[in-house]
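Let's explore a protein model together, one question at a time. Take a look at the sequence and structure first.

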Amino acid sequence: MLQKTYVPDTLTGKQRYNNGQMAKYYVENTHPEIITKTMFNKANRLSYRHKVE
């Protein structure tokens, strides 16, 4: 997520949380994967199975 905060006044330099004053952007695939999505989903299923038991 980009632009979670913004600087309304450059003279003071204080950051404010962006609650709709500016557009926010969600950017996907910016970093290389450490594990594949299939491996991630498989690990989550195993984790859920262990919690249920």
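Q: Is Asn18 buried or exposed in this predicted model?
A: Asn18 has a relative accessible area of 1%. Buried means under 20%, so Asn18 counts as buried.

Q: Which residues is Asn18 in contact with, leaving aside its neighbours within four places in sequence?
A: Contact here means heavy atoms within 4.5 Å. With those sequence neighbours set aside, the partners of Asn18 are Gln3, Lys4, Thr5, Tyr6, Ala23 and Lys24.

Q: Is Ile34 buried or exposed?
A: Ile34 also lies in the loop between strand E2 and helix H1. Its relative accessibility is 85%. The cut-off for exposed is over 50%, so Ile34 counts as exposed.

Q: What distance separates the C-alpha atoms of Ile34 and Val7?
A: Along the chain, Ile34 and Val7 are 27 residues apart.

Q: How many residues of the lining of the largest pocket are charged?
A: The largest pocket holds about 160 Å³ of space. Its lining is made up of Val27, Glu28, Asn29, Thr30, His31, Glu33 and Lys37. By class, one is nonpolar and three are polar, while the charged residues number three.

Note on methods:
Residues numbered from 1 in each chain as written. Predicted model: local features only at pLDDT ≥ 70, side-chain atom pairs only at ≥ 80, totals over all residues. Heavy atoms only, no water. Helix = DSSP H or I, 4+ residues; strand = E, 2+ residues; numbered from the N terminus. Buried < 20%, exposed > 50% of the residue type's maximum accessible area, 1.4 Å probe, protein only. 1 Å grid on protein atoms, 1.4 Å probe; cavity = no way out; pocket = protein on both sides within 12 Å on 5 of 7 lines; lining within 4 Å. Points joined across faces, edges and corners; volume = space filled by probe spheres on them. Nonpolar A, V, L, I, M, F, W, Y, C, P; charged D, E, K, R; others polar.
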